[in-house]
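This briefing is for a reader new to the structure. Please look over the sequence and the model below before reading the notes.

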Amino acid sequence: MKGFRKHRSRRLLTAAAALAVGCTLLSPSSPALGGTNDAGSPAAAGAEEAAGTAVTFFDDFTGPAGAPVDSSKWQLETGDNVHNHELQYYTAGNANAALDGQGHLVITAREENPGNYDCWYGRCEYTSARLNTAGKFAAQYGRVEARIKVPRGQGMWPAFWMLGDDFADIGWPQSGEIDIMENVGYEPDTVHGTLHGPGYSGGGGIGTGYTLPGGRHFADDFHTFAIDWAPDSITWSVDGNVYQHRTPADLGGNEWVFNKPFFLILNLAVGGEWPGYPDETTVLPQELVIDYVRVTTGDTGGGTGGGPVTGLAGKCLDVAAANNANGTPVQLYDCNGTDAQRWTAEADGTLRALGKCLDIADRSTADGATVHLWDCHGGANQQWVVSAERDIVNPLADKCLAVRDSNQANGTPVQLSTCAGTPNQKWNVA
């Protein structure tokens with residue numbers, strides 16, 4: 001159960017930072033896209049724009065190892081957090097938030113106090129970082145997503161979340177809060193998505209959790225956490241798996257305060273009344289690793305709703321044996337109306353079935369490269385554009401989805417091939 005102090009404390013600390021910058025709303029604009037990080041490349045952004053969406057915020061954290069975050073996009077908050085009884089001191093600069101030189105931002109929690117910082121409980125025992133886009137960028141509607149690898153261990157509390165851009169003026173919870181992802185160390189297989197507003201804040205927030213299948217832990221790998229946000233509607237997903245949908249009808253008559261701009265926040269807390277505190281099992285330092293953060297607008301609501309993709313001989317694009325395991329072949333098969341043949345064209349440029357993405361194996365751009373099912377991560381090898389000529393094109397490779405050897409038999413795999421306008425490359429996307 002989330003405690004009231006946990007939620008109240010976040011607002012009070014952020015209020016100071018917001019007042020410092022005035023929380024001025026900027027008109028959304030597309031920042032310069034750079035770098036070649038697979039999960040947030042210029043090709044990926046181009047695919048989204050071609051699909052009728054626009055990238056309004058993007059950071060793939062490209063830069064030299066040890067560099068601080070881009071100050072035109074992010075600001076770092078500093079200080080401790082008495083109201084939730086967290087233990088860390090949030091530092092400035094690159095002391096606890098720095099690029100790793102491989103296209104990631106790393107927020108590091110350490111058991112240390114090199115600056116002789118004072119916290120609510122005395123001399124601080126831990127440092128970490130918290131950054132936001134207040135006064136630099138605010139989103140209203142669209143897809144808000146980040147690909148993240150969380151830390152592990154008792155007392156760790158990473159979060160990717162949003163606050164109403166007007167909260168410095170009207171306060172919390174009237175400003176509203178959207179928690180896209182929170183994890184507490186004692187629940188290594190579960191993340192939480194929550195709404196907070198007037199009459200449903202703190203421990204009374206509206207939300208639920210998502211648990212990985214098969215006993216897997218979120219700290220073992222990167223996962224994509226997203227909301228698809230439309231007027232009077234917010235939908236949460238993990239790796240393309242939708243697990244929660246909220247509308248004003250869920251608020252018991254309380255006010256829906258989410259039809260306005262919100263800014264973004266990333267942080268890693270140590271301790272607090274919800275996660276508890278580090279103990280003898282906790283290993284430090286711990287890292288919250290962010291591959292990319294992206295906001296796209298256009299098709300809100302998470303896609304087309306699903307339908308068949310038909311091709312050669314009128315047969316369907318099909319996930320073999322309806323298996324959603326990574327690496328499952330995607331093939332041609334008689335249309336049968338099953339979920340293995342229901343594809344959604346998402347706002348992030350991906351094609352999805354069974355909760356996963358159409359993916360080019362090994363990020364290859366070569367003719368004959370295998371195309372299969374894989375966890376969604378937003379990378380350039382999962383970007384597809386449907387052309388007016390009915391080609392399904394991967395922009396990075398500038399090549400087409402094709403039925404191998406123009407074979408009409410059930411079970412024929414699909415692959416990447418140079419676009420040739422041949423029947424085995426023509427598709428009808430529902």
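With which side chain does the side chain of Glu77 make a polar contact? The partner is the side chain of Asn132, at 2.6 Å. The model is predicted: local features need pLDDT of at least 70 and side-chain atom pairs count only at pLDDT 80 or more, while totals for chains, interfaces and linings use all residues. Residues are numbered from 1 along each chain as its sequence is written, and side-chain values use heavy atoms, with hydrogens and water left out.

**Glu77**

- A polar contact is a pair of N or O atoms within 3.5 Å; within protein, one must be able to donate a hydrogen and the other to accept it, and residues adjacent in sequence count only if both atoms are side-chain atoms.
- Glu77 belongs to strand 2 (residues 75–77); strands (E, at least two residues) are DSSP runs, numbered from the N terminus.
- Glu77 counts as buried, at 2% relative accessibility; buried means under 20% relative accessible area, exposed over 50%, and partly exposed in between (1.4 Å probe, protein chains only).

- Strand 27 is joined to strand 28 (residues 392–394) by two bridges, and Val385 has Val393 as its bridge partner in strand 28.
- Strand 21 (residues 316–319) is covered on both faces, with Cys316 and Asp318 buried on one side and Leu317 and Val319 buried on the other.
- Four bridges connect strand 21 with the antiparallel strand 22 (residues 330–333), where Tyr333 is the bridge partner of Cys316.

**Aromatic rings**

- The whole structure holds 14 aromatic pairs; rings of Phe, Tyr and Trp (its six-membered ring) pair if their centres lie within 6.5 Å, and planes under 30 degrees apart count as stacked, over 60 as edge-to-face and the rest as tilted.
- Phe57 and Phe137 make a tilted pair, 4.9 Å centre to centre with 35° between the planes.
- Phe57 lies in strand 1 (residues 54–59) and Phe137 in the loop between strand 9 (130–132) and strand 10 (142–149), so this pair ties together parts 80 residues apart in sequence.
- Phe57 is buried at 3% relative accessibility, and Phe137 is buried with a relative accessible area of 6%.
- Tyr89 and Tyr117 are stacked, 4.0 Å centre to centre with 5° between the planes.
- One aromatic cluster consists of Tyr141, Tyr200, Trp229, Trp256, Phe258 and Phe262.

Note on methods
Pairing = 2+ DSSP bridges.
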